[in-house]
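Let's take a friendly walk through this fold, with helix packing as the way in. Please have the viewer open and follow along.

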Amino acid sequence: MSPTKAAQRRPTSSTARSKASTDDPGPLIGVDWLADHLDDADLRVVHVAPDRRVYNKRHIRGATYCDLHKEIALRGTAPETGDAEREWLIPTAEQTAAVLRRWRVGEGDRIVFYDDVGLNRQAIRGYWLLRLYRYPKERLHILDGGINAWTRAGLETTTEIPEADLADALRQPVTLGERDDSILATYDEVLAWSRESSKSDDAPTRILDVRTAAEWVGSDLRAKRGGHIPGARHRCFVDLLTDEGTFRPVDQMLSLIRASGADPGEVRATYCQGGVRAALVWFVLHELAGFEDVRSYGGSWEEWGNRPDSPIEMP
């Protein structure tokens, strides 16, 4: 069932609530699916945000808070960008597994991510990171529209912080796999795709910039240099969302990307500042639309704009 149709239903009996969450609702779920399954023993809900204040005021019952910057991204420097301070370095599999333990996630659990002020992008950063380390795809989901969709549906929130259960210590820890490079674009790959896209006017567009227009033209400077990757096309990620912060229908989102001059089937990498907005558009193309060759450029402009050797284009 699509998220749109699911959002039109309301839980009608305890039967749905008691059903084990063995069905696969797909990567994007509506509030009704979550309401139906909120009491499932194998379900973990994660409230992702850069600020705890909204979570303290309201969150979905049982949801664990995730600090976006401290838990699923690393601050620091990297050899390729010298002394530039970076915010979105990718944590290791071991660091990510430790985060899962803090979230009380055990082997085989289903995880639903949602955010509050992030328009889905912060939640999807968590989703993409777990996909990167091969957490089972069918056990990962995004709540479309986040906490605002939940409250618009008239569903209750709470201020109670979930307490650890003694039984958690007996649950099997999650074993993550080797990094899945098929969903992560590297600098060298993006450089090659940039050159391919820049060969001629009819060359395939391989790179999609999903930042704001000000970042694209370089007036909003968030690295040592501004501008954009040569050969890229631009479509701000927020264009793919409705005014309420939910995803537009897939065909509409693909039409918007085509209107930017990019064939969705030709795109190989999405990028933004640090890989958060890029992950959202990767989610649209890869997870929802089924374009398996697209990757998220994890380093994004935080890497590209801080490297002295990267080619940059200005309008």
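Is the crossing of H11 and H12 left-handed or right-handed? The crossing of these two helices is left-handed. Keep in mind while you look that the model is predicted. The axes of H11 and H12 come within 11 Å and cross at roughly 120°. On the H11 side, the contact is made by Val-250, Met-253, Leu-254 and Ile-257, and on the H12 side by Val-284, Leu-285 and Leu-288. Sorted by class, the contact of H11 with H12 has seven nonpolar residues, with no polar and no charged ones.

Now turn to another partner of H12. Helix H7 (residues 121-132) and helix H12 (residues 276-288) have axes that come within 8 Å and cross at roughly 70°. H7 and H12 are therefore roughly perpendicular to each other, and H7 passes H12 in a left-handed crossing. H7 brings Arg-121, Gln-122, Ile-124, Arg-125, Tyr-127, Trp-128 and Arg-131 to the contact, while H12 contributes a set that includes Trp-282, Phe-283, His-286 and Glu-287. The residues in the contact of H7 with H12 divide into eight nonpolar, two polar and five charged.

Zoom in on Phe-113 next. Leaving aside its neighbours within four places in sequence, Phe-113 is in contact with a group of residues including Val-46, Trp-103, Tyr-127, Leu-130 and Ile-142.

Ile-142 sits in strand E7 and is buried, with a relative accessible area of 0%. Beyond its neighbours within four places in sequence, Ile-142 is in contact with residues including Pro-27, Leu-28, Ile-29, Phe-113, Ile-124, Tyr-127 and Phe-283. Ile-142 and Leu-34 are 108 residues apart in sequence, yet their C-alpha atoms are 10 Å apart in space.

Technical notes: Residues are numbered from 1 along each chain as its sequence is written. This is a predicted model: local features need pLDDT of at least 70, side-chain atom pairs count only at pLDDT 80 or more; totals for chains, interfaces and linings use all residues. Side-chain values use heavy atoms; hydrogens and water are left out. Axes are lines fitted to C-alpha atoms, for helices over the stretch in contact, and angles run from 0 to 180 degrees between N-to-C directions. Helices (H or I, at least four residues) and strands (E, at least two) are DSSP runs, numbered from the N terminus. Angles under 35 degrees count as roughly parallel, over 145 as roughly antiparallel, 65 to 115 as roughly perpendicular and the rest as oblique. A crossing is left-handed if the near helix is turned anticlockwise from the far one by less than a right angle, and right-handed if clockwise. Contact means heavy atoms within 4.5 Å. Ala, Val, Leu, Ile, Met, Phe, Trp, Tyr, Cys and Pro count as nonpolar, Asp, Glu, Lys and Arg as charged, and the others, Gly among them, as polar. Buried means under 20% relative accessible area, exposed over 50%, partly exposed in between (1.4 Å probe, protein chains only).
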